[in-house]
Amino acid sequence: MSKYYIILFLVVSVGVQSQNIKFEGIVQDTLKKPLEMANVMAINQETKALDGYGITNDKGRFQLNLKTNSTYKIKVSYIGFQSLELDVKTKEENIQQLITLKEGGIQLEGVEIVQEMPVSIKGDTLIYNADSFKTGTEQKLEDILKKLPGVEVNADGEIEVEGRKVTQLLVEGKKFFEGDTKLGSKNIPSDAVDKVQVLRNFNEVSQMRGLENNEENIALNIKLKKGKNKFWFGDITAGVGPDERYLINPKIFYYSPKTSINVLSNLNNIGDVPFSNRDFFRLTGGARNTINRSGTNIGISTNDLGISTARNNRAASLDTKFGALNLAQEISKKWNVSGFGIVSSNKTFTNTTSNFGIFQPNSTEILTEETRNDVSALRNNLVIAKIGSKFKPNSNFQLDYDASLRRSSQTEDNILTTESVSFANGDPIVQNNNIISFKRQDPVVFNQSLNAFWTKSEKHTWVLEMQHNYQDEDPFFNPDLEQNTFPDLGFVGGQNRFNINQDRFVKTNKVDAKVDYYFSASPRQIWNLTIGNTNSYQSYNSSIFQILDNGSIFNLPDDPANDRIFNNDVRYSFNDAYVGVHYKFILGKFTFNPGVNFHKFNTFNDQQSTRVRDDFYRILPDVFAQWDIKKSESMTYTYRMSNFFNDINSFVSGYTFNNFNTLNAGNRFLENALQESHSLRYRKYNLFNFTTIFGGLSFTRTTDPVVNRVYFEGINQISQRVNADFTNQSFNGFASYQRSFKKFYKASVFASLGWNKSNALRVNPNDQTNPNADFVQTVESYNQNYRVSFGTQFRDWPNLEAGYNVNINQNPNTTFTTHSPSVQLSYFFLNGFSLNSDYTYNDFRNSSGTSQNTYEFLNASLNYRKKDAKFEYRVSVTNLLNTKTLNDDSFGVTNFSSSQYIVQPRYLIFSLKYNL
């Protein structure tokens, strides 16, 4: 379909739908007070179809677009009032109507109307009737969600409603894999969904509603169709294609009032990654996260060696095996248990060509440039298991316990060839290297939490929260080099190759505990007293050794006099004891919750037979304020001052390899950084015309930041963690406008702007031992993103969604710009055929003209399934245009990188799906 036919189609569609008149008016009570969020819908008496629906605004106004010369049954309803039905006959002119509802809630007898309101509101719950938005091409829950007014789903499966991220996904009131939105949106069958309930001001603990600030918390609850909530349902898909491509994908579900069982599985080699590394580290096991609100942030690092993560179907080759089981059981009315287990195995092959550049000190001119070709094979085996218990004997007490275990086994083999050119001394110096490297890590993470909630009386509530985190990490790195990248460190020379090895063993035990007391002086005044403690203890052991040509092992000796340590044995202890006081009060439409936390910090690290302590006090204020302009419009401001602490990795004095040409050292004398952040968010959701507007501004300033003090020797670098006496700052702003109109169209506009001022310390090569001679390299960068989209939602016509995205990264010496137009087509036709296709074009280039790449992706599928049939047939093609490579570019304070990697070729898959 050419662009001219698409434009003609849209014009004709608009013209067909334009033969309408407006039926508008006001809904009020008997005292002539307007009723906000009353439901109004129009049933065509000839076709029995729902031709229009709406919800009144704060002034009681509604507006429907109805066909001319037609007869309608108008139904008006509002909670606590008697429903009203009107007979309306339209002509060529617009109609205005004043409607008065009587109190009482008694349903009037009359004509039975089987249609349900597409969107309705009950208290803080917004309810979408899924069938009202289906067009026949939907496969999974996310296909429905994308069509709901005010709902957005991104590529990672994250869901936003009214501009706020959904924090929990429930099915029939039970968590789906700990509330994970991606697993739910991409696996729950669309034909099982009856209602989508948006739960505003969500809090899992009913006793805490109103005590905590839940205004930004959103959850989704999926109500299943009748029959789906008592029997097994789901589907099993199997597919094959040329070049030994395959797909096996069963999904089985069972829900009853007391039991839920979800079984997911996916085996394929076509680039479909149902559970990525990012998902693995995000799914933490469901512990509450209120302990981190004290203002203390201690980042427990993950020693992951930089092992690459899969690019989904953007890798050269990818083989995936995934299985998951989720269980929830009501033991009694007072006790529920739940748990899940996930196993994932990915084998990925990548081929990347990249350019890497180092800037001159205090400049963005190139000092050294490297060209690198990297062929890698990755194996990721991931396991996560969780069990949870909820005991609630009465409405005044609840006890929760959760425990989760994460275990991964990851390896990466690389073959690299590099060529670097240095311009440090005028004439270019060229160096070549060949590296065969191996990385391995098998980390274990165990988390458990215990939470108790006791409402002693209407005014007194006590909360106990405890969390324990244990990590055991053992990353191993083995770069085998043709040329020694660090000849001055003491490696044995005269070898055919430099076989370097590094062992690391890091263990972490972290315990958080706090007690909260809430005193409700009145429904509009709440005092909160907090007493808490955070304790972390870590151990770190590492060594660097060389395997010689004759097979013997040479351990690099320490040279403390010259600050060269290669064998680390470190212990680090952190303790934070704090008391917090917060006061929440409501004045009309305004909610204020200022507070302050008083901290006593005690830290020490033991290494090199000595101890370094750092003990001090700190006062950290925070503020939450919200203006509820209307029921569906608000503005929220938050301010927080936080102490940022580093974990043991930053205190280790000795060297560790971060890459074959990068050595890092910590600093046992580090102090904490202080950060203050401001955030202002605005949202407005208008059900009268289905418009969503949201935006935000944020500013962050970090003083005494911990940064790397970097020394470059050609393309190789040695860095040390230090406190800097400068300030890093960032500012971000965004705005979004979404609108569904005339029942068949949906449009959105999004814009964001980010500014970042970052600093780094460069060692003066002529005075390496004098920190006062260092260069402070400052880079200001700007990021802009603009996105527009327009889509249709017809039942009998093809549906299109066209979008255009522009991303601009402006840096001191160049600007990277990416233009990405896209089109999606879906069409249900001939009572069983479903066509889906998506096309994306990308144009990437920089302002200096040194980097330019264009690529496009086209995927398509054709499904056939008769109504209520068990079998569904599908033909699908990925990367239909057979795009070969993609670009990936970044820009930092001291360097830049530009890479190009090979992606999977075109795949044709024939699939058969059996619906249970």
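**Exercise 1.** Is Lys223 buried, partly exposed or exposed, and what is its relative accessible area?

*Solution.* Begin with the basis of the values: the model is a predicted one, in which local features need pLDDT of at least 70 and side-chain atom pairs count only at pLDDT 80 or more, while totals for chains, interfaces and linings use all residues. Residues are numbered from 1 along each chain as its sequence is written, and side-chain values use heavy atoms, with hydrogens and water left out. Next, apply the classes, in which buried means under 20% relative accessible area, exposed over 50%, and partly exposed in between (1.4 Å probe, protein chains only). With a relative accessible area of 28%, Lys223 is partly exposed.

**Exercise 2.** Find the salt-bridge partner of Lys223, and state which parts of the chain the pair ties together.

*Solution.* A salt bridge is a side-chain nitrogen of Lys or Arg within 4 Å of a carboxyl oxygen of Asp or Glu. The partner is Glu172, and the closest N and O atoms of the pair are 3.4 Å apart. Because Glu172 lies in the loop between strand E12 (164-171) and strand E13 (174-175), whereas Lys223 belongs to strand E15 (residues 218-224), the pair ties together parts that are 51 residues apart in sequence. Strands here (E, at least two residues) are DSSP runs, numbered from the N terminus.

**Exercise 3.** Describe the salt bridge between Arg497 and Asp480, including the accessibility of each residue.

*Solution.* The closest N and O atoms of Arg497 and Asp480 are 3.0 Å apart. Arg497 lies in the loop between strand E27 (476-481) and strand E28 (498-522), and Asp480 in strand E27, so the pair ties together parts that are 17 residues apart in sequence. Arg497 is partly exposed at a relative accessible area of 23%, whereas Asp480, at 18%, counts as buried.

**Exercise 4.** Carry out the corresponding analysis for Arg709 and Asp774.

*Solution.* These two residues form a salt bridge whose closest N and O atoms are 2.5 Å apart. Since Arg709 lies in strand E39 (residues 706-713) and Asp774 in the loop between strand E42 (745-762) and strand E43 (775-792), the pair ties together parts that are 65 residues apart in sequence. Both Arg709 and Asp774 are buried.

**Exercise 5.** How many salt bridges does a search of the whole structure find, and which residues are linked in a network of them?

*Solution.* The search of the whole structure finds 31 salt bridges. Lys175, Glu178, Glu204, Lys386 and Asp402 are linked in a network of such bridges.

Conventions
Helices (H or I, at least four residues) and strands (E, at least two) are DSSP runs, numbered from the N terminus.
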